[in-house]
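Q: I have a protein model open and would like to go through it with you. Could we begin with one residue and then widen the view?
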Amino acid sequence: MSETTLNLLEPGSKAKVIQITGRGSARRRILDMGMVPGAEIEVIGKAPMGDPLEFLVKGYNLSLRKAEAELIVVQPLGA
């Protein structure tokens, strides 16, 4: 399967984190929240206007803004 960014996945989708494209403090913050390469995540839902997005990662729910999710490159996993 091809790589995409996290903000493009639909609720119910699962994916594996490939890399974080951000730099500096934004990148560090995303990594500190558990979005590390190799982590498997599930898209739980999107707010009505599409921002923020909610994910299940390492056993907890994490909300990210769409701009933050665009920095995370993932490989979708089969359903």
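Q: Is V74 buried or exposed?
A: In this predicted model, V74 is buried, because its relative accessible area is 0% and buried means under 20%.

Q: Where is V74 found?
A: V74 belongs to strand β6, which covers residues 72-76.

Q: Which residues does V74 touch, not counting those up to four places away in sequence?
A: The list includes S2, E3, T4, T5, L6 and L9. A15, K16, V17, I18 and I41 also touch V74.

Q: How many residues apart in sequence are V74 and M35, and what is the C-alpha to C-alpha figure?
A: V74 and M35 are 39 residues apart in sequence, and 10 Å apart in space from C-alpha to C-alpha.

Q: What about I72, where does that residue lie?
A: I72 lies in strand β6. I72 counts as buried, because its relative accessibility is 0%.

Q: And what separates the C-alpha atoms of I72 and M35?
A: These C-alpha atoms are separated by 8.0 Å, while the two residues are 37 apart along the chain. M35 is also one of the contacts of I72, once neighbours within four places in sequence are left aside. Other contacts of I72 include T4, T5, L6, V17 and L64.

Q: Let us change topic. Where is K58 found?
A: K58 sits in the loop between β4 (53-57) and β5 (60-64).

Q: Is K58 buried or exposed?
A: K58 is exposed, since its relative accessible area is 57% and exposed means over 50%.

Q: What is phi of K58 near?
A: Phi of K58 is near 50°, which is a positive value in a residue other than glycine.

Q: Which residues does G34 touch, leaving out those up to four places away in sequence?
A: G34 touches A39, V57, K58 and Y60. The place of G34 is in the loop between α1 (24-32) and β3 (40-46).

Q: Is G34 buried or exposed?
A: G34 is buried, because its relative accessible area is 9%.

Q: What distance separates the C-alpha atoms of G34 and G78?
A: The distance is 22 Å, and the two residues are 44 apart along the chain.

Q: Now the whole chain, please. How many helices and strands are there?
A: The protein chain has 2 helices and 6 strands. Along the sequence they follow the pattern β-β-α-β-β-β-α-β.

Q: Why is the chain said to be as compact as a globular protein of that length?
A: Its radius of gyration is 11 Å, close to the 12 Å that the globule rule gives for 79 residues, so the chain is as compact as a globular protein of that length. The C-alpha trace spans about 30 × 30 × 25 Å along its principal axes.

Q: What share of the residues is buried?
A: Buried residues make up 35% of the 79 residues.

Q: What share of the contacts with a separation of 6 or more comes from residues 24 or more positions apart?
A: Such residues account for 62% of those contacts in the protein chain.

Q: What about charges: how many are positive and how many negative?
A: There are 10 positive and 9 negative charges, and their mean positions are 5 Å apart.

Q: Finally, which domain does UniProt list?
A: The unreviewed UniProt entry lists "domain: Ferrous iron transporter FeoA-like" for residues 4-76. Over residues 4-76 the chain is 18% helix and 42% strand, and the end C-alpha atoms are 8 Å apart.

Notes. Residues are numbered from 1 along each chain as its sequence is written. This is a predicted model: local features need pLDDT of at least 70, side-chain atom pairs count only at pLDDT 80 or more; totals for chains, interfaces and linings use all residues. Side-chain values use heavy atoms; hydrogens and water are left out. UniProt positions are given in the numbering used here, feature names are shortened, and annotations may be inferred rather than shown by experiment. Helices (H or I, at least four residues) and strands (E, at least two) are DSSP runs, numbered from the N terminus. The radius of gyration is taken over C-alpha atoms; the globule rule is 2.2 Å times the number of residues to the power 0.38. Buried means under 20% relative accessible area, exposed over 50%, partly exposed in between (1.4 Å probe, protein chains only). Contact means heavy atoms within 4.5 Å. Lys and Arg count as positive and Asp and Glu as negative; His and the chain ends are not counted. The place of a charge is taken as NZ of Lys, CZ of Arg, CG of Asp or CD of Glu.
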